[in-house]
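Trainee: Before we look at anything in particular, could you show me how features of a model are read, one after another?

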Amino acid sequence: ADATLFVYECGTPEAPALLYWDGLGGTGLHANEIAPTLVERYGLRVIAPDAPGHGRSPPLPPAAYRPSALAGLAVELLSALGISRITFVGFSWGARIACAFGARFPELTAGLVLIDGGYLDGRDVPGVDGNAELETCIAEARLEAKDDSFASWEAFVSFQRDALRRWNPALATAHAATMREHDGRVVPILEPEVGGAIRHGNLQEPVVETYAALAATGISTLLLTAPADAELEPVAAAAIARFQAAVPQALVRPMSGAVHDLVSHSPAEVAAIVGDWLASTQPRFSGDRSS
């Protein structure tokens, strides 16, 4: 359409396709530890775009960040790549896009994998104004961007290492791809205008509104969850229970001792869980799990 996306790809064109959509501020390069396993062990083709306004993909107008609009953009991407059916894997914010995709385009959806996302709405969180206007959302995103900036690359790496509890060159590459230098500081590539538009779009289209369609279609769905922060634990637990009740075909797999960024914290385990689940749920799946 009128969008430009930078896309990472791993695997052969004839293999079953998996589309990975990263979380807020992240890029497709975040899949750089899980993709090799999914390709080499399970025989998949992994497609991982930088979402608009993230990484190397230019931004779009605010209205384009509603989950339904981004799901439509994913369809355009698949058409450009000649892919007719996918497993949609979304991390955090990306899980919202996955739910919107499955609800709107079930005929294109072989399965959904939601990595600690797709169950908690902004309206669930105490203190969040569910009716906030776009400018309010942008102002909040601008404050968060200041908190997410660092005096140096060393300070950024130190923060990420502590948060993820592990570090290696692949993580360094993936996480550095989300940042840039500006006015002597290391700041997110994601601009507040884009972050605010995403926040506003999520409020306009709550993820819970996709559940009825997902249940009706019976799309195979896997939800991986990480322990929530103490103050959000009751809210998160209630949201997970709501998701389980509304999407009865979903398998919910808690991952104890992990952090929200499961893709960075537990890549080997995430890849194995996703690959084994696909092998057990999709008749068209034919990966070589012995390699």
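The dialogue below goes through helices, cavities, pockets and single residues in turn.

Mentor: Keep in mind that this is a predicted model, in which local features need pLDDT of at least 70 and side-chain atom pairs count only at pLDDT 80 or more, whereas totals for chains, interfaces and linings use all residues. Residues are numbered from 1 along each chain as its sequence is written, and side-chain values use heavy atoms, with hydrogens and water left out.

Trainee: How many residues does helix α9 have, and what does it reach from its first C-alpha to its last?

Mentor: Helices (H or I, at least four residues) and strands (E, at least two) are DSSP runs, numbered from the N terminus, and the expected span of a helix is 1.5 Å times one less than its number of residues. Helix α9, residues 233–246, has 14 residues and reaches 20 Å from first to last C-alpha, close to the 20 Å expected.

Trainee: Which residues of α9 are buried?

Mentor: Burial is judged by relative accessible area, where buried means under 20%, exposed over 50%, and partly exposed in between, with a 1.4 Å probe and protein chains only. In α9 the buried residues are V235, A236, A239, I240 and F243. They cover an arc of only 135 degrees around the axis, which puts them on the same side of α9; the arc is that of the directions from the helix axis to the C-beta atoms. The face turned away from this buried side carries the exposed residues P234 and A245.

Trainee: What do the buried residues of α9 pack against?

Mentor: Contact means heavy atoms within 4.5 Å, and the buried residues of α9 pack against β5 (109–115), α8 (211–217), β8 (221–225) and β9 (251–254).

Trainee: How many of the residues of α7 are buried?

Mentor: In α7, 10 of the 13 residues are buried, so this helix is largely enclosed by the rest of the structure. Among them are P192, V194, H200, N202 and L203, and what covers the buried residues of α7 includes α2 (67–81), α3 (93–104) and α4 (134–147). As for length, the 13 residues of α7 (192–204) should span 18 Å, and its end C-alpha atoms are 18 Å apart, which agrees.

Trainee: Which residues line the largest cavity?

Mentor: On a 1 Å grid over the protein atoms alone, a cavity is a set of points where a 1.4 Å probe fits but cannot get out, while a pocket is an open set with protein on both sides within 12 Å along at least five of seven lines; lining residues have an atom within 4 Å of a point. Grid points are joined across faces, edges and corners, and a volume is the space filled by probe spheres set on the points. By this rule the count comes to 1 cavity of 30 Å³ or more, and the largest cavity holds about 30 Å³ of space. Its lining consists of L18, I34, L38, V89, V270, A271 and V274, and helix α11 (267–281) gives the most to that lining, with 3 residues.

Trainee: What is the lining of the largest cavity by class?

Mentor: Ala, Val, Leu, Ile, Met, Phe, Trp, Tyr, Cys and Pro count as nonpolar, Asp, Glu, Lys and Arg as charged, and the others, Gly among them, as polar. The lining of the largest cavity has 7 nonpolar, no polar and no charged residues.

Trainee: How much space lies in the second largest pocket?

Mentor: About 180 Å³ of space lies in the second largest pocket. Of the 13 residues that line this pocket, the closest to its centre are T225, A226, P227, A228 and I240. The largest share of the lining, 4 residues, comes from α9, and by class the lining has 10 nonpolar, 2 polar and 1 charged residues.

Trainee: What is phi of D116, and where is the place of this residue?

Mentor: Most residues other than glycine have a negative phi. Phi of D116 is near 45 degrees, a positive value, and this residue lies in the loop between β5 and α4. At 7% relative accessibility, D116 counts as buried.

Trainee: Is D183 buried or exposed?

Mentor: D183 is exposed, with a relative accessible area of 69%. This residue is found in the loop between β6 (179–182) and β7 (185–188), and D183 has a positive phi of about 50 degrees although it is not a glycine.
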